[in-house]
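Let's take a friendly walk through a protein fold, going from the overall layout down to a single residue. Keep the sequence and the 3D view side by side as you read.

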Amino acid sequence: MPLLKGAAAPSPEALMRSRFTAYSVGAVQYIIDTTHPDGPHWNSNEPSWRKEIELFCSVTQFEKLEVIETNKDQVFFHATLSREGKDCSFAERSTFAHHANRWCYLSGEPEPIP
């Protein structure tokens, strides 16, 4: 929670964990603020983007985050999620980059669930 209150993430893994928490508690502004503007998930239409994130957070149960591997700017993780009682878990190798002297989520590639 300290990161959600404004502290800078010291590493990509810490940012990944804080973003999972942000999704689970509906901290939409944090998700927006920690998404790199050069990444494919950035949306310049913030009101529309905000609604997308709010909807996703409201219909999804964020059950567990397992970090499998980390390196300099990547985190490979498995997120256990469900929606309306159906499993929608996934694994991803996320890439992070600095923006304004802070780590931000840049992009992610799906990976097979380990």
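The paragraphs below cover the fold, then the dimensions and surface, and finally one glycine. Please keep in mind that this is a predicted model.

Start with the secondary structure. The protein chain contains 3 helices and 5 strands.

Now step back and look at the overall dimensions. Along the principal axes, the C-alpha trace of the protein chain spans about 40 × 35 × 25 Å. How does the radius of gyration fit with a compact globule? For 114 residues, such a globule would have a value near 13 Å, and the protein chain has 13 Å, so the two agree. Of the 114 residues, 40% are buried. Turning to contacts with a separation of 6 or more, 36% of them in the protein chain come from residues 24 or more positions apart.

As for charge, the chain carries 11 positive and 15 negative charges, whose mean positions lie 5 Å apart.

Finally, zoom in on G39, which sits in the loop between α2 (28–33) and α3 (46–59). Is G39 buried or exposed? Its relative accessibility is 10%, so G39 counts as buried, the cut-off being under 20%. While you are there, find T95: G39 and T95 are 56 residues apart along the chain, and their C-alpha atoms are separated by 9.6 Å.

Note on methods: Residues are numbered from 1 along each chain as its sequence is written. This is a predicted model: local features need pLDDT of at least 70, side-chain atom pairs count only at pLDDT 80 or more; totals for chains, interfaces and linings use all residues. Side-chain values use heavy atoms; hydrogens and water are left out. Helices (H or I, at least four residues) and strands (E, at least two) are DSSP runs, numbered from the N terminus. The radius of gyration is taken over C-alpha atoms; the globule rule is 2.2 Å times the number of residues to the power 0.38. Buried means under 20% relative accessible area, exposed over 50%, partly exposed in between (1.4 Å probe, protein chains only). Contact means heavy atoms within 4.5 Å. Lys and Arg count as positive and Asp and Glu as negative; His and the chain ends are not counted. The place of a charge is taken as NZ of Lys, CZ of Arg, CG of Asp or CD of Glu.
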